[in-house]
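Subject: Structure handover

Hello,

Here is the structure I promised. My notes follow below it.

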Amino acid sequence: MAPRVVLLLWASLALAGEPGASATVVGGTVAGVAGGEEGRIELTRPDAMVFRSKRASLTIPYDRIETLEYGQRVNRRYVEGILLSPVLLLAKSRKHFVTIGYTDDEGHRQALVFRVGKGDVRAVLAGLEAKTGRRVEYQDAAARKWGKG
């Protein structure tokens, strides 16, 4: 019986992974956070959102977030279709972007654009809406449909 419990504990810890949602900074106005910076968005603190990467850590208080926007870019998979299979030409690749506009400690307006993983984007949007009290603005009808599920 004991080996089963140990195996179950080990499996649950392996599935737990790192906290937060995987995200990549695409761009923005914040000094010290470069485009292409990969990290995690954490929404577990009661007072602030945290973005952590290997080189930077940024904390944004929820009450300073002024705008939330969600959009997506849809591309056909041309390279994969040519190299692997013509069937892939029918498939679409969606990239999910969350933009956060806020005021920093000096009173300057800042913005960050994150590319969020497909499996994490709905949780990030729901978490940001709940914590900030602000509604997410959707770039178009397709983004609204996908973002709300």
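Is E66 buried, exposed or partly exposed? E66 counts as partly exposed, at 30% relative accessibility. Here buried means under 20% relative accessible area, exposed over 50%, and partly exposed in between (1.4 Å probe, protein chains only).

Some ground rules. This is a predicted model, with local features needing pLDDT of at least 70 and side-chain atom pairs pLDDT 80 or more, while totals for chains, interfaces and linings use all residues. Residues are numbered from 1 along each chain as its sequence is written, and side-chain values use heavy atoms, without hydrogens or water.

Salt bridges
A search of the whole structure gives six salt bridges (a side-chain nitrogen of Lys or Arg within 4 Å of a carboxyl oxygen of Asp or Glu). One of them joins E66 to R109, at 3.4 Å from N to O. R109 is in strand β7 and E66 in strand β5, so this pair ties together parts 43 residues apart in sequence. Strands (E, at least two residues) and helices (H or I, at least four) are DSSP runs, numbered from the N terminus. R109 is exposed, at 68%.

D105 and R64 also pair, at 2.5 Å from N to O. D105 sits in the β6–β7 loop and R64 in the β4–β5 loop, so the bridge links parts 41 residues apart in sequence. D105 is exposed at 65%; R64 is partly exposed at 30%.

Q110
Q110 belongs to β7 (residues 109–116). Q110 is buried, at 15% relative accessibility. Its side chain makes polar contacts with the side chains of T29 (2.6 Å) and D104 (3.0 Å). A polar contact is a pair of N or O atoms within 3.5 Å; within protein, one must be able to donate a hydrogen and the other to accept it, and residues adjacent in sequence count only if both atoms are side-chain atoms.

Core and α3
The largest nonpolar core has 29 residues, of which M49, I100, F114 and L128 touch the most other members. Such a core is a set of buried Ala, Val, Leu, Ile, Met, Phe, Trp, Tyr and Cys residues joined through side-chain atoms within 4.5 Å. Helix α3 gives the most to this core, with four residues.

The buried residues of α3 are V121, V124, L125, G127, L128 and T132. They fall within an arc of 165° seen down the axis, so they line one face of the helix. The arc is taken from the directions from the helix axis to the C-beta atoms. The face turned away from the buried side carries exposed A123 and A130.

Best wishes
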